[in-house]
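Here are my notes on the model you sent.

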Amino acid sequence: MQDPVQNKGKVPNPNSPAFLDDVVEFMGVKLHLSKIQNPHLRRIIERARRDGFRHRYDDHSRKEWKEYSEHARTKYHETHNQYSKYSDYHRTGYDDYTDFITNY
Amino acid sequence: MVVKPAEGVSVIVKATHGCNLGCGYCYTHPNAEKGVMDQGTLENMIYKVASYNHSSRGVDETNFVWHGGEPLLLGVDFYREAVRIEISIEDHLFDNEVQTNATLVTPEFLDFFEQHHFKVGVSMDGFAATHNANRPYANGQPSFDDVFASLMALRERKLTSGVLCILNKNTLPHLEEIYEFLRERGISAKVNVQFPAGRALDTKLDISPAQFGRAMIKLFDLWFYDAREPTIDIDPFAEILYNLGLARNTEHRLESPMGCNSRNNCINSFISVVPGGNVYPCGRFAGESAFYMGNINADSMEAIMSSKPVLLFQQRHTQGVQSCAPCEYKPICNSGCADQAYLMRGSVLEKDGFCPGYKALFTHIEMAVRKELGGETHARPSAK
């Protein structure tokens, strides 16, 4: 066993906020994250904690899409006329493709 | 109790049932519509579902899963048009996913997916021998080399998180080799059992619920006790661990489990639209006339979402499946997949036909996790 005096300053204080933040409940068991050795289980528990224990965890991608779609919308309006021409052309081609795929 | 965020309807789009592969287990219904989705149906679908999610669900976000058949047969211009329509709807977010056999991935598709933030799921049944046995081209030629090359190209651009792998008589004897093949290459996977429907009824490649349970337990052990880098995710194990862990908690308990099969009342979250605009509860029911919910061109979303199949699914949800009432895994399973109940037990008001396999798997996983957590347990909450 390690000498607690020698390791003074290295042993986490079980009452410190940092330590308590890493105490999680999983399957009804409360324990410190450091006790979980299995890498898969640890990753799942960390994910649950990161989600705030919600079962959806895509806030980041939502934000990314919002920024992207706003940018794309501006870009789309800027090039609308060009796109309409392209789109008409594409629709004609698409009818041909419909025939192809129907008979696939 | 964890408050579940508001959720909109996600759409599994089967814009074509055509496919260039000839998989022995394809579950596409023999009556599934021919042809492809036209421009008008595409527009109606995107506008109507987005509008419904906004006005009836209070959610400004819609998820489209482009499925099939093989969705890439439609060509990149079909998806350009879909994105053009999505972008024209202000203040609404769209999430696009494609589930493909990956034989038609071109540099043009790669650029498009990257530019428009599409997530791409690839169907690949393990390594060359198992994949080619299950998923040859329609002319019988092997498809593995093409699929694997596309998977690597998609991964290089961070467009895919893994593969979908089917458990049946061809893959069952090779679980260890399949797991090693995926792990060595850092490929995560979702494992689904073969559905007893469509062409699968003739090829007899299906496995029994007991075989399914044993195979999943074996695969779980291969994965869970393997700490070698790189670690990979295997679903539904990650989902089951997550659901089980939170369902047994005293604080932060889970209201509704993750995962397609175990959701509460999945019809509230998913619909499927087929080429001509007909709507069904999910892709697995496409073509089943008893589950026809309406047509996206002719009917309002309000009418579709209050159609007979919705009421039937709600009955499954509110009354619950009688035989599941005493089961301790009910909170994370919710009687499983309604389609597997319908196909194997004749009614969506029954439990999933693979129930014995799932129950064995849940029990095994719970014991494994409790051991890892040090054996200290709280009393399990009894199932409602």
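1. In chain B, strand E1 (residues 10-14) is paired with strand E2 (residues 61-67); the two run in the parallel sense and share 4 bridges. One of the residue pairs involved joins B:Lys14 to B:His67, the latter lying in E2(B). Please keep in mind that this is a predicted model.

2. Helix H1 (residues 39-57) of chain B packs on the sheet. H1(B) touches E1, E2 and strand E8 (270-273) of chain B. The direction of H1(B) makes about 145° with that of E2(B).

3. The E1-E2 pair belongs to an open sheet of 10 strands in chain B, with the order E7-E6-E5-E4-E3-E2-E1-E8-E9-E10. Although E1(B) and E2(B) pair in the parallel sense, the pairing in the sheet as a whole is mixed. At the edges stand strand E7 (234-235) and strand E10 (294-295) of chain B. Each of these has a single partner strand, so one of its sides is left without a neighbour in the sheet.

4. Helix H2 of chain B covers residues 76-88, which is 13 residues. From first C-alpha to last, H2(B) reaches 19 Å, close to the 18 Å expected at 1.5 Å a residue. Which residues of H2(B) are buried? They are B:Phe78, B:Tyr79, B:Ala82, B:Val83, B:Glu86 and B:Ile87. Seen down the axis of H2(B), these buried residues fall within an arc of 170°, so they line one face of the helix. Note that the list includes a glutamate, B:Glu86.

5. As a whole, chain B has 14 helices and 10 strands. The radius of gyration of chain B is 21 Å, close to the 21 Å from the globule rule for 384 residues, so the chain is as compact as a globular protein of that length. Its C-alpha trace spans about 60 × 45 × 40 Å along the principal axes.

6. Of the contacts in chain B between residues at least 6 apart in sequence, 72% join residues at least 24 apart.

7. Chain A has 104 residues, and buried residues make up 15% of them. The secondary structure of chain A consists of 4 helices and 2 strands.

Terms used:
Residues are numbered from 1 along each chain as its sequence is written. Chains are lettered from A and ligands numbered from 1 in the order in which they are written. This is a predicted model: local features need pLDDT of at least 70, side-chain atom pairs count only at pLDDT 80 or more; totals for chains, interfaces and linings use all residues. A residue is buried if 20 or more other C-beta atoms lie within 10 Å of its own, exposed if 12 or fewer, and partly exposed in between; C-beta atoms are placed from the backbone. The radius of gyration is taken over C-alpha atoms; the globule rule is 2.2 Å times the number of residues to the power 0.38. Two residues are in contact if their C-beta atoms, placed from the backbone, lie within 7 Å. The expected span of a helix is 1.5 Å times one less than its number of residues. The arc is that of the directions from the helix axis to the C-beta atoms. Two strands pair if DSSP finds at least two bridges between them. Axes are lines fitted to C-alpha atoms, for helices over the stretch in contact, and angles run from 0 to 180 degrees between N-to-C directions.
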